[in-house]
Amino acid sequence: SLLAATPAKSEVLYLLSLDNELYRLNTDFVSSPALVGELILPDGEVPLSIDFRATDRFLYTLGSAGNIYEIDTLNPVLTPTLVSGAPDDEIVGVDYE
């Protein structure tokens, strides 16, 4: 007899390139990541990391000046959500969960 595996739940992953480009990858089929667009932060700030917050289903980025921005996942428009000042040198990411 044959055993069948239940397919894993399809998810969308977001990837941030070293060139500050945001990509979307659908996990239910094999394909190349789709470019959403470039993340452009104000005043020369650069994105350090991205995180998806499950409680509100938004994607966020931590900028090099310590500010947190909500990212529109259809086109990478950024909305400031927290202005905090420059991050400590030890900070390398953000995790909302």
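## Two antiparallel sheets

Strand 1 (residues 12-16) pairs with strand 2 (residues 21-26) in the antiparallel sense, over five bridges. Strands here are DSSP runs of E with at least two residues, numbered from the N terminus. Two strands pair if DSSP finds at least two bridges between them.

This is a predicted model: local features need pLDDT of at least 70, side-chain atom pairs count only at pLDDT 80 or more, and totals for chains, interfaces and linings use all residues. Residues are numbered from 1 along each chain as its sequence is written, and side-chain values use heavy atoms, with hydrogens and water left out.

**The sheet of strands 1 to 3**

Strands 1 and 2 form a hairpin, with four residues between them. Within this pair, Leu-16 stands opposite Leu-22 of strand 2. Strand 2 also runs antiparallel to strand 3, and four bridges join the two. There, Glu-21 stands opposite Glu-38 in strand 3.

Together the three strands make an open sheet in the order 1-2-3, with antiparallel pairing. Strand 1 and strand 3 (34-38) are at the edges with a single partner strand each, so one side of each has no neighbour in the sheet. Neighbouring strands of this sheet are turned by 25 degrees against each other on average, direction ignored. For such angles, axes are lines fitted to C-alpha atoms, and values run from 0 to 180 degrees between N-to-C directions.

Four strands form an open sheet in the order 4-5-6-7, and the pairing is antiparallel. Strand 4 and strand 7 (78-82) are the edge strands; each pairs on one side only. On average, neighbouring strands of this sheet are turned by 30 degrees against each other, direction ignored.

Inside this sheet, strand 5 and strand 6 (residues 68-71) run antiparallel, joined by four bridges. Tyr-60 stands opposite Glu-70 in strand 6.

Which loop holds Asn-20? Asn-20 lies between strand 1 and strand 2. Arg-57 lies in the loop between strand 4 (47-53) and strand 5 (58-63). Asn-20 has a positive phi although it is not a glycine. Arg-57, also a residue other than glycine, has a positive phi too. Buried means under 20% relative accessible area, exposed over 50%, and partly exposed in between (1.4 Å probe, protein chains only).

| Residue | Phi | Relative accessible area |
|---|---|---|
| Asn-20 | about 65 degrees | 17%, buried |
| Arg-57 | near 60 degrees | 63%, exposed |
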